[in-house]
Amino acid sequence: MKKSNFIYLLFILAGLTTACKKSFLDEKPLSIYTPDNSLQNATQFQHAINNVYNGIRNIYMGNMNLDTYFGLYYATDFAFNGTDYDPAAKLNAYKATMVPSYFIPNNIWTAFYKIITNCNLIINRVPTSTMSDADKNSYLGQALFFRAYSYDILANLFGGVPVELNELKEPRYDYTRASRQEVYQQCKTDLVQAVGLLQNIDSVKDGVVNKQIAQHILTEVLISLKDYDGAIASATAVIDYPGVSLMTERFGRRANQPGDVYRDLFEYGNQNYSTGNHEGLLVIQTALNNASSVGDQTAWAVVPSLGGLKIKESNSKTKMNVMYNGKFVDSLSSNGIGWIRPTAHFLYEIWGSGDIRNSSYNIVRDIRISGVPSTSPDYGKWYVKDGYKDKVLPADFRDTIRNFYPIIRKASPSAGDFVAVAGPSVLTDDTNPFGGTILNGASRLFMQKYFARLSETYLYRAEAYLDKGNTQKAVDDINVVRARSHALPATVSQVNLDYILDERLRELYLEEFRSVTLTRLGKLYDRDKKYNPVSGKTIEPYHNLWPIPATEITNNNEAILEQNDGY
């Protein structure tokens with residue numbers, strides 16, 4: 001055999017030997033994405049983390065399921081379901097509704113576990129990616145943050161839950177519940193790592209997870225772990241960072257118009273760090289008329305349905321009472337549907353004199369009649385001050401519940417703003433009191449929304465100081481927040497956990513998920529029983545935790561997933 005042919009044969013044999021170890025028949029897809037090659041470079045990881053942000057945005061803006069989202073606000077000391085409230089019929093019995101088969105806990109459970117699953121994919125794929133170290137740190141830090149945040153929400157609502165940290169290749173049916181303490185501990189582990197990986201707020205784009213928001217959520221987790229010194233240190237790291245501060249002076253696009261600094265926080269376009277607002281620690285992004293964006297349905301849900309108000313007008317010529325739709329238009333607000341109806345505790349009991357969070361720029365308590373001819377004796381009259389509120393017939397009881405109560409402007413645009421189909425609906429008048437192009441029937445507000453603000457960090461630190469027994473330090477932090485609002489200072493004799501919860505209502509109304517706050521602290525039963533006219537009638541102490549969804553228990557047929565006591 002010639003030498004050249006021998007060498008050629010050796011190459012063939014070597015190839016066959018190699019094929020035994022790694023078959024040349026294995027497919028190597030070069031032009032399509034597969035589970036093995038879909039997360040390798042920064043562009044692909046950006047798409048993956050965008051999906052996580054979108055999951056959070058859908059939860060915060062009510063786009064996963066309306067009634068599910070509203071359940072994070074009502075059945076608390078803040079609000080009740082205005083569609084079900086009728087004392088005579090005793091509807092909306094909380095005890096009969098909040099059961100393992102109820103869709104609200106099931107949908108919340110599913111939404112946050114989807115986020116966790118997507119985060120696990122990113123976390124497990126980052127080490128083997130081709131990205132730079134800087135990109136690896138960024139995507140890993142963001143995914144760790146959102147995984148920790150999701151587990152924190154689940155632990156606050158449900159207590160101990162199953163913990164999964166791996167990328168799943170196939171379904172599992174053998175989960176058991178970790179203890180609530182173990183879940184919080186995992187949240188701490190993730191957040192501590194995230195803090196070390198993430199950049200500061202002034203080094204990232206608007207809406208991107210940063211070191212300060214991670215420290216903020218870590219503060220709450222450490223309180224739950226009863227590590228009060230750690231919580232105080234974490235909150236202090238946020239508060240003392242020179243790139244963040246409470247907004248104490250008028251700012252933004254309407255700073256030269258009547259109003260106050262608290263209202264400025266919620267004016268359209270004033271939320272992002274790049275616009276000069278250094279109080280928002282993380283701001284959820286959305287964009288008007290962008291097909292990939294989602295709008296916030298909160299305004300539509302919490303603003304009363306002013307267009308549905310009906311009153312009697314006395315016609316002096318015919319001597320007949322005429323029922324008409326009042327078309328009450330207030331230039332500072334919009335028209336909603338009135339599903340999230342605030343409690344009397346929030347609307348009337350928690351406010352002191354001088355507090356700008358309760359000013360007419362922030363909570364509108366009276367409106368004028370505009371839907372009648374200008375020659376009518378009722379035209380321009382005030383609904384409350386001039387006694388029309390008392391003229392609604394008993395048959396219109398539901399109208400008085402859903403169609404009039406003080407309007408929370410935090411969820412409403414201002415006159416002269418904005419927006420096409422993106423805004424909350426307005427009345428069916430020919431003229432639009434807002435200017436702009438808000439359309440009738442629209443139910444979403446395309447406006448940036450706070451995930452968290454620095455004022456809450458102060459209140460978390462106050463809570464940690466109180467738990468540690470240093471009430472004076474707690475009072476000092478509370479008074480930083482109250483000073484910005486021109487409210488009277490709190491005193492040591494006033495401050496306890498219920499006072500902090502009331503202060504959270506005053507500062508964070510319609511921002512915090514109130515159900516999550518109350519279940520975290522074991523106060524849902526106490527506060528509901530005392531302040532909620534609907535769920536407070538039937539709520540029981542075991543409701544301080546939500547039920548584990550029945551479908552999760554039945555589908556988990558290879559192990560026992562225990563239900564919370566009482567359900």
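**Exercise 1.** Are Phe 145 and Phe 451 buried or exposed?

*Solution.* The model is predicted, so local features need pLDDT of at least 70 and side-chain atom pairs pLDDT 80 or more, while totals for chains, interfaces and linings use all residues. Residues are numbered from 1 along each chain as its sequence is written, and side-chain values use heavy atoms, leaving out hydrogens and water.

Step 1. Buried means under 20% relative accessible area, exposed over 50%, and partly exposed in between (1.4 Å probe, protein chains only).

Step 2. Phe 145 and Phe 451 are both buried.

**Exercise 2.** Classify the aromatic pairs Tyr 102 with Phe 103 and Phe 145 with Phe 451.

*Solution.* Step 1. Rings of Phe, Tyr and Trp (its six-membered ring) pair if their centres lie within 6.5 Å; planes under 30 degrees apart count as stacked, over 60 as edge-to-face and the rest as tilted. This rule gives 24 aromatic pairs.

Step 2. Tyr 102 and Phe 103 stand 5.0 Å centre to centre with 65° between the planes, an edge-to-face pair. Tyr 102 counts as buried because its relative accessibility is 19%, whereas Phe 103, at 32%, is partly exposed.

Step 3. For Phe 145 and Phe 451, 6.0 Å centre to centre and 55° between the planes give a tilted pair.

**Exercise 3.** Identify the charged groups placed over the rings of Tyr 175 and Tyr 450.

*Solution.* Step 1. The criterion is NZ of Lys or CZ of Arg within 6 Å of the ring centre and within 35 degrees of the ring normal.

Step 2. Over Tyr 175 lies Arg 172, 4.0 Å from the ring centre. Over Tyr 450 sits the charged end of Arg 453, 5.6 Å from the ring centre.
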